[in-house]
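Hi,

Here is the structure I promised you, with some notes for when you have it open. Please have a look at it first, and then read on.

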Amino acid sequence: MDTDAITTPRAPLFRSAARHRRRRLLGSLAAAGLLTACGTQSSSGVAAVPDEATSRPAGPTAVPDTTAPTAPAACPDSGVLLRAAEADAAMGLRVQQIELVNCGTRAYTVSGHPSVQVLDEDLEPLEVTVSHGASAIATLDGFETATGPVRLKPGERAVARLAWRNLVTDVTRPAADGRYLKVAPNGGGEDAQTVPDHVDLGTTGKLGVSAWARPAPDAPGSPERPDARP
């Protein structure tokens with residue numbers, strides 16, 4: 001029997017099947033190429049999810065500055081909260097009130113004058129002469145009066161006043177520009193707090209401090225007012 005007469009007609013069928021298999025393989029490779037183009041390719045050949053760092057929008061992230069001290073959001077462990085009111089200014093004279101609030105659960109007593117230190121923007125002490133009373137600065141009603149110990153129940157407050165002049169009297173001396181106050185309620189370092197404040201002393205270098213007292217009856221939020229809440 002002539003074998004060529006049997007096998008030769010089948011050869012085109014095998015070649016057609018081989019071409020079909022090659023087309024299917026090429027189609028699979030092309031699909032894999034499209035998937036790879038949509039993302040980075042891992043070592044296993046599977047398209048990986050884009051890296052989070054590269055998919056994040058470009059640009060700097062704002063980071064809040066937490067170096068400067070601010071008023072505490074909650075009552076400190078000492079049970080008292082210190083804060084500075086806005087200064088009244090007239091003809092270069094500044095008069096400001098420092099308030100102490102008993103935010104704790106027990107009574108707190110203040111006596112005499114608070115200890116006050118003026119700090120610059122870097123929290124460094126400035127060369128300031130702090131005196132009890134304001135006689136070296138101006139004549140102010142009630143500034144020299146000391147009423148003795150002030151016992152504060154929870155929710156009550158006491159106030160002390162500061163006085164200074166914003167004058168430049170010596171051009172050879174840099175002006176003192178305080179940005180913070182370090183205040184200790186009872187004269188020592190106990191329960192001291194650093195609070196933001198602007199104390200523009202110029203070149204006078206003098207700060208007067210009054211003694212602690214209860215706020216005036218007509219002061220807003222004063223416990224002595226009938227409508228005030230403790």
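**Notes on the predicted model**

Leu152 touches Leu100, Asn102, Arg106, Ala107, Tyr108, Arg157, Ala158 and Arg214, leaving aside residues up to four places away in sequence; touching, or contact, means heavy atoms within 4.5 Å. Leu152 belongs to strand 7, which covers residues 150-152. Helices here are DSSP runs of H or I with at least four residues, strands are runs of E with at least two, and both are numbered from the N terminus. Leu152 counts as buried because its relative accessibility is 0%. The classes are buried under 20% relative accessible area, exposed over 50% and partly exposed in between (1.4 Å probe, protein chains only).

Before you go further, please note that this is a predicted model, where local features need pLDDT of at least 70 and side-chain atom pairs pLDDT 80 or more, while totals for chains, interfaces and linings use all residues. Numbering starts from 1 along each chain as its sequence is written, and side-chain values use heavy atoms, without hydrogens or water.

Now for the whole protein. There are 3 helices and 11 strands, and along the sequence they follow the pattern α-α-α-β-β-β-β-β-β-β-β-β-β-β. Of the 230 residues, 28% are buried. If you take the contacts between residues at least 6 apart in sequence, 70% of them join residues at least 24 apart.

A polar atom of the Glu156 side chain lies 2.8 Å from the backbone nitrogen of Lys153. Is Glu156 buried or exposed? Glu156 has 18% relative accessibility, so it counts as buried.

Which backbone oxygens lie by a polar atom of the Thr204 side chain? The backbone oxygen of Leu201 is 2.7 Å from such an atom, and the backbone oxygen of Arg165 is 3.2 Å from one. Leaving aside residues up to four places away in sequence, Thr204 touches Arg165, Leu167 and Arg173.

Last come two residues picked out by their backbone angles. Most residues other than glycine have a negative phi. Leu123, however, has a positive phi, near 65 degrees. Leu123 is in the loop between strand 5 (115-119) and strand 6 (129-132), and with a relative accessible area of 36% it is partly exposed. Asp191 also has a positive phi, near 60 degrees. You will find Asp191 in the loop between strand 9 (176-184) and strand 10; its relative accessibility is 22%, so it counts as partly exposed.

Best wishes

Key: Polar contact = N/O pair within 3.5 Å; in protein donor to acceptor, adjacent residues only side chain to side chain.
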